[in-house]
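Good morning, and thank you for coming.

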Amino acid sequence: SWQFAKSFVTNAAVTVALKYAINKRRPFNDGGQAFPSGRTSITFQAASFVHRRHGLKYSIPGYLLAGFTGYSRINAARHDGYDVLAGAVVGIGSSFLFTTPYEREHMQLTFSSSDDAYLLGFVYKF
């Protein structure tokens, strides 16, 4: 959860900073701050977190939903392709920056003995 939180906050900060720094107009001059697409960056951040943490096969539904989100933003004329592409890059980049693969072997229990002593060890990797 800590890795997800760091990538989510980074994604949000970079997206908002780019929106205000670039202040690109939306299609049909319907307001500003279109670049990058925030909804697209959030959905791609979540999908790429699952991808990085658990593998590609578990993240395919997330990537499909993220792709649909990007498509729907273009179809609704709220963004163009560059806005959606930039949102995807920011979202994926923020997850890959902070997320490590899940370690299946994160617990270890050891036992050792001698003539007059017993030693029990437990290691847990976070």
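First, some notes on the source. This is a predicted model, in which local features need pLDDT of at least 70, side-chain atom pairs count only at pLDDT 80 or more, and totals for chains, interfaces and linings use all residues. Residues are numbered from 1 along each chain as its sequence is written, and side-chain values use heavy atoms, with hydrogens and water left out.

The protein contains 4 helices and 2 strands, in the order α-α-α-α-β-β from the N terminus. Here helices (H or I, at least four residues) and strands (E, at least two) are DSSP runs, numbered from the N terminus. The C-alpha trace spans about 85 × 30 × 15 Å along its principal axes. The radius of gyration, taken over C-alpha atoms, is 21 Å, whereas a compact globule of 126 residues would have one near 14 Å; the globule rule is 2.2 Å times the number of residues to the power 0.38.

Of the 126 residues, 28% are buried. Buried means under 20% relative accessible area, exposed over 50%, and partly exposed in between, with a 1.4 Å probe and protein chains only.

Let us now consider helix α2, residues 38-54. Just after α2, G55 adopts a positive phi of about 110°.

Finally, the loop between α4 and β1 (107-113) holds T99, and P101 lies in that loop too. Is T99 buried or exposed? Its relative accessibility is 1%, so T99 counts as buried. The side chain of T99 reaches the backbone oxygen of S95 at 2.8 Å. Leaving out residues up to four places away in sequence, T99 touches Q3, F49, R52 and R53, where contact means heavy atoms within 4.5 Å. P101, by comparison, is partly exposed, at 44% relative accessible area. Beyond its neighbours within four places in sequence, P101 is in contact with R52 and R53. The C-alpha atoms of P101 and F35 are separated by 30 Å, at 66 residues apart along the chain.

Conventions: A polar contact is a pair of N or O atoms within 3.5 Å; within protein, one must be able to donate a hydrogen and the other to accept it, and residues adjacent in sequence count only if both atoms are side-chain atoms.
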